[in-house]
Each structure stands twice: as structure tokens, then as C-alpha cells.
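Please look at the sequence and the structure below before reading on. The paragraphs after them are meant as a guided reading for someone new to this structure.

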Amino acid sequence: MPNAFWCVVEDDRAGHPKKVMAEVLAEAARLSGGRAEAVWLTDRAEPDGLRRLAEWGAGKIWLVEHPGLAPYRGEVWAPVVAGLVAAQAPRAILGAVTSRQREFLARLAARLGVGFAADVVGLAMDGDRLVATRPVYAGKLLARVAWARPPWIATLRPNVFKPADPVAGREPQIERPTVTVPDGALRLAERREEVSTGLPELSEAELVVSGGRGLKGPENFVILERLAAVIGAAVGASRAAVDAGWRPHRFQIGQTGRTISPKLYLGFGISGAIQHLAGMRTSKLIVAVNKDPEAPIFKIADYGIVGDLFEVVPALTEEFKKLLGK
Ligand SMILES: Cc1cc2nc3c(=O)[nH]c(=O)nc-3n(C[C@H](O)[C@H](O)[C@H](O)COP(=O)(O)OP(=O)(O)OC[C@H]3O[C@@H](n4cnc5c(N)ncnc54)[C@H](O)[C@@H]3O)c2cc1C
């Protein structure tokens, strides 16, 4: 269908789209009057993954399944999607704010010579143009931007846009376009799988527990993990904790880490530097625990506890256990 809104699928690398795609597809459907389509580049797409995309609102799925597409390499993906864009002329190309989509959609926009709005927190049609709202200056201001010409390319911040109710049993309509997958400039030399923590993925999590330098050492993150396990939260960290080697960089929240918008952010031993706030200030409810009553994080917190986290975290964990009957 011409002038559809395309949604580039972020998957779990095991054949299933991530749940953030429910948000991206719902927004694309809302803006385009139901003309949302998914574009999935992968080495394998599981049938239930395809069904899920249809149930989340993809009227059509452009599926390019090829072993050369994984692991992701921008120089391989960009010409493939640019070729599809030339043939199908979508009006917009949307993705989620993930490290892969952030890089890919910027590269695609540069290749197509069109604009790219990153980390969008609002989208609206203004007549026949799309207007995006995105934070600038580490979240201190919101800017509204429009594109000089289509396709309008943007990444959407997870947990901001409302997913549609899934339509159970909706069959996917799949198109397998004939494309040439080029050789990449880089080859995979070694693959290291991170051991899963069993907790939700940070950028998609509805609840986030985060720790900073106040934790005093890597061994103390275990108290945050216990709390997180009780309430089903992801665990994040400040850059001070990451730079100290207490947590891997993928757990860092902030300007040079992940941007999150959970329903609940619980920050422990984090001062609230502007670069940290840039990554979490759009959280719906912010709770901060710090022993310094002057800590800047209290300025943006909805609730604050002035206290020692080593007393507060175990007490909170016990209270949540009682509340949740665990
Ligand atoms: C270019 C640039 C990019 C950056 N990007 C990021 C980023 O992406 N993310 C990020 O987080 N930072 C980033 N930073 C770093 C940022 O400026 C801060 O240095 C960092 O966020 C501080 O981390 P923190 O709050 O854990 O540590 P601190 O600022 O040292 O704060 C520790 C807090 O713990 C409290 N505390 C100590 N003990 C306890 C206790 N027992 N109980 C309760 N509270 C306690 C203290 O009162 C203090 O407020 C960036 C900086 C620059 C220059």
C-alpha cells in the first residue's frame, strides 16, 4: 500500500519482536489511519513472532529473512531498506529507541538524504505533515520538529506511546520482497552472549530500580536485585557505578547510557546529576532515596526518603513482599 507508515522491527534475536513494537505499531496505525506496516530484517522469524506483529496492528509485514542480516550491521541493512523505500515509497519509517535502531535509522536517513528525529516522545499530524516532539539539552527543553520531506524517520522512546489492544488470531499478511543482501564491511570474529539476569530489559521495563555511587561497591547491588526480583523491576545504574566497573555499560541510565520512561523509577544513592536526569526524567513516578537532603535528585522526585539506603532497601523489600504476598 503506498504511503504507509513503516515500523522497523526490533527483535530479541531469536525470532520474536520485542514488546516495544506494540507501541510503535499502534502509534503508526493511529497517525496513518490504520496503514501501519512492519519491516523485519532478520536471519529467522518465528511464526508466532509474525503473528504477534499482526495482532499488534501490522497490516502487512515486509519480511527479509537472510543469514547475512544477523548480527546487525548498518552497512548491510541500510542498502536493503533503502531499496525497499525506493520501490514502495512509505510516508514514514519509525523504530524504537534501542541502540540498534538508533544507529540504523540515522544511517538510513543519511543515505536517503532526509531528516531524522531521535528519541521522540510525541507525534502528531498537523495537516498533512508530521510533527515530532523530542527532548533537547539533556531533557531541559522539548523541541517540536517537522521534516522537510518524506519519508519521515524517527525513533520513539519506549513506554511513552500507548500500545493498541492486541487483536487475537489476526493472521499476518507477509510480503517477501526480492532483495540483494550485500556483504558487510565487518565480519563477526567472536560472539559473547551476556548471561541473562532474568529481570526485565532496562529500556522496556515498567519498573526500574537504579543504584549509584552510594552503593559503595559492586557486591551491594545484590540488595537492589533482591528488591527488583520481588517487584519485577529491571536494575539500572548511574555512570559513577558503571565507570567504577560495578555494572556493565548496558545498565547505565543517562545522557551517555539508556533513556528510560518507566511507570516507576526508584533511585538509590544517586545524586541526580543533569546527565543522569537526561535518561530518566520522563519516568511517570520518581522515588529517590539519598542520605543527603540537598541531593539534586529530590528536586525532580515525586517522593523522597532522606535516609541510608542500606536500611531503606531491605525494609522496602520486606514491605513489598508482604504487600505482594511473596
Ligand atoms: C559528558 C558526560 C556524560 C555523562 N553521562 C552520564 C550518564 O549517562 N549517566 C549518569 O548517571 N551520569 C553521567 N555523567 C556523570 C554525572 O555527571 C555524575 O557524575 C554521575 O551521574 C554521578 O553518579 P552518582 O549519582 O551515582 O554519584 P554521586 O554524584 O557521587 O552521588 C552519590 C550519592 O549517593 C548518596 N549516598 C551515599 N551513601 C549513601 C547511603 N548509604 N544511602 C543513601 N544515599 C547515599 C550521596 O549523598 C550522593 O548524593 C556524565 C557526565 C558527563 C560529563
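The model is a predicted one, in which local features need pLDDT of at least 70, side-chain atom pairs count only at pLDDT 80 or more, and totals for chains, interfaces and linings use all residues. Residues are numbered from 1 along each chain as its sequence is written, and side-chain values use heavy atoms, with hydrogens and water left out.

The domain assignment divides the chain into domain 1 (5–175) and domain 2 (202–324); such bounds come from an automatic or database domain assignment. Taken over C-alpha atoms, the centres of domain 1 and domain 2 are 30 Å apart. To their contact, domain 1 gives 12 residues and domain 2 gives 15 residues, where contact means heavy atoms within 4.5 Å. The size of an interface is often given as the accessible area lost when the parts come together. Here domain 1 and domain 2 bury about 1,100 Å² between them, with 45% of it on carbon and sulfur atoms; the buried area is the accessible area (1.4 Å probe) that two parts lose on being put together, summed over both. Of the area that domain 1 buries against domain 2, 48% is supplied by Ala138, Arg157 and Asn159, more than any other three residues. Across this interface of domain 1 and domain 2 there are zero salt bridges, a salt bridge being a side-chain nitrogen of Lys or Arg within 4 Å of a carboxyl oxygen of Asp or Glu. Six residue pairs, both members at pLDDT 80 or more, are in polar contact across the interface of domain 1 and domain 2. A polar contact is a pair of N or O atoms within 3.5 Å; within protein, one must be able to donate a hydrogen and the other to accept it, and residues adjacent in sequence count only if both atoms are side-chain atoms.

The interior can be read through its nonpolar cores, sets of buried Ala, Val, Leu, Ile, Met, Phe, Trp, Tyr and Cys residues joined through side-chain atoms within 4.5 Å. Buried means under 20% relative accessible area, exposed over 50%, and partly exposed in between (1.4 Å probe, protein chains only). The largest nonpolar core has 33 residues, and those with the most contacts inside it are Leu53, Leu94, Leu123 and Trp147. Helix H1 (residues 20–32) provides the largest share of this core, seven residues. Helices (H or I, at least four residues) and strands (E, at least two) are DSSP runs, numbered from the N terminus. Apart from this core lies another, of 25 residues, including Val8, Val64, Trp77 and Ile153.

Helix H2 (residues 47–55) has Gly49, Leu50, Leu53, Ala54 and Glu55 as its buried residues. Their cover includes H1, strand S2 (36–42), strand S3 (60–65) and strand S10 (174–175). Arginine 51 also lies in helix H2; it is partly exposed because its relative accessible area is 32%. Leaving out residues up to four places away in sequence, arginine 51 touches Arg170, Glu171 and Pro172.

Two further residues can be compared with these. Alanine 96, in strand S4 (residues 92–96), counts as buried because its relative accessibility is 0%. Histidine 276 is found in helix H7 (residues 274–280) and, at 6% relative accessibility, is buried as well. The side chain of histidine 276 makes a polar contact with the side chain of tyrosine 265 at 2.8 Å.

Salt bridges complete the picture, with 16 found in the whole structure. Glutamate 175 and lysine 60 meet in one of 3.9 Å, N to O, and this pair links strand S10 with strand S3, 115 residues apart. Glutamate 175 is partly exposed at 30% relative accessibility, whereas lysine 60 is buried at 11%. Arginine 176 and glutamate 65 form a salt bridge of 2.9 Å, N to O. In the salt bridge of aspartate 119 with arginine 157, the closest N and O atoms are 2.8 Å apart. Aspartate 119 lies in strand S5 (residues 116–120) and arginine 157 in the loop between strand S9 (152–156) and S10, so this pair ties together parts that are 38 residues apart in sequence. Both aspartate 119 and arginine 157 are buried. A network of salt bridges links Glu10, Asp11, Arg13 and Arg100.
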